Amino acid sequence: MATTTTTKEYELTIIVDETATQETIDGMTEKLKEFGKVTKVEDEGTKRLAYPIQRVRLHERGHFMFYQLELENGAPQEISDYLAYNDNAVRYLLVRVSK
């Protein structure tokens with residue numbers, strides 16, 4: 001009997017270190033494609049944060065990236081692990097889109 005894999009839709013917002021290069025951001029996007037299908041990418045640009053965030057150093061501005069993803073089971077945890085240890089990701093939020 002063949003097993004069927006089901007994908008679920010997610011939205012991911014990442015605040016990237018404002019000093020990160022475009023190549024670094026592109027590399028993060030390519031890495032996300034290894035976890036599942038990236039259906040939409042929006043580069044929201046650099047914005048001032050509502051409050052400073054301490055991560056490796058103090059951040060007052062960040063580069064906002066928005067993604068829509070289709071992921072299989074287990075992939076959300078792998079993405080969380082990847083971003084938790086990525087020094088360029090200041091903060092992230094990964095949520096499942098309910099239908």
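This is a predicted model: local features need pLDDT of at least 70, side-chain atom pairs count only at pLDDT 80 or more; totals for chains, interfaces and linings use all residues.
Guide: Residues are numbered from 1 along each chain as its sequence is written, and side-chain values use heavy atoms, with hydrogens and water left out.

Visitor: Why is His-59 called buried?

Guide: His-59 has a relative accessible area of 2%. Buried means under 20%, exposed over 50% and partly exposed in between, with a 1.4 Å probe and protein chains only, so His-59 is buried.

Visitor: What does His-59 touch?

Guide: Leaving out residues up to four places away in sequence, His-59 touches Asp-17, Leu-49, Tyr-51, Pro-52, Ile-53 and Val-90. Contact means heavy atoms within 4.5 Å.

Visitor: What makes the span of α1 close to the expected one?

Guide: The expected span is 1.5 Å times one less than the number of residues. With 14 residues, α1 is expected to span 20 Å, and it reaches 21 Å from first C-alpha to last. Helices (H or I, at least four residues) and strands (E, at least two) are DSSP runs, numbered from the N terminus.

Visitor: Which residues of α1 are buried, and how do you know that they are on the same side?

Guide: Ile-25, Met-28, Thr-29, Leu-32 and Phe-35 are buried in α1. They cover an arc of only 100° around the axis, which puts them on the same side of α1. The arc is taken from the directions from the helix axis to the C-beta atoms. On the other side of α1, Glu-23 and Glu-34 are exposed.
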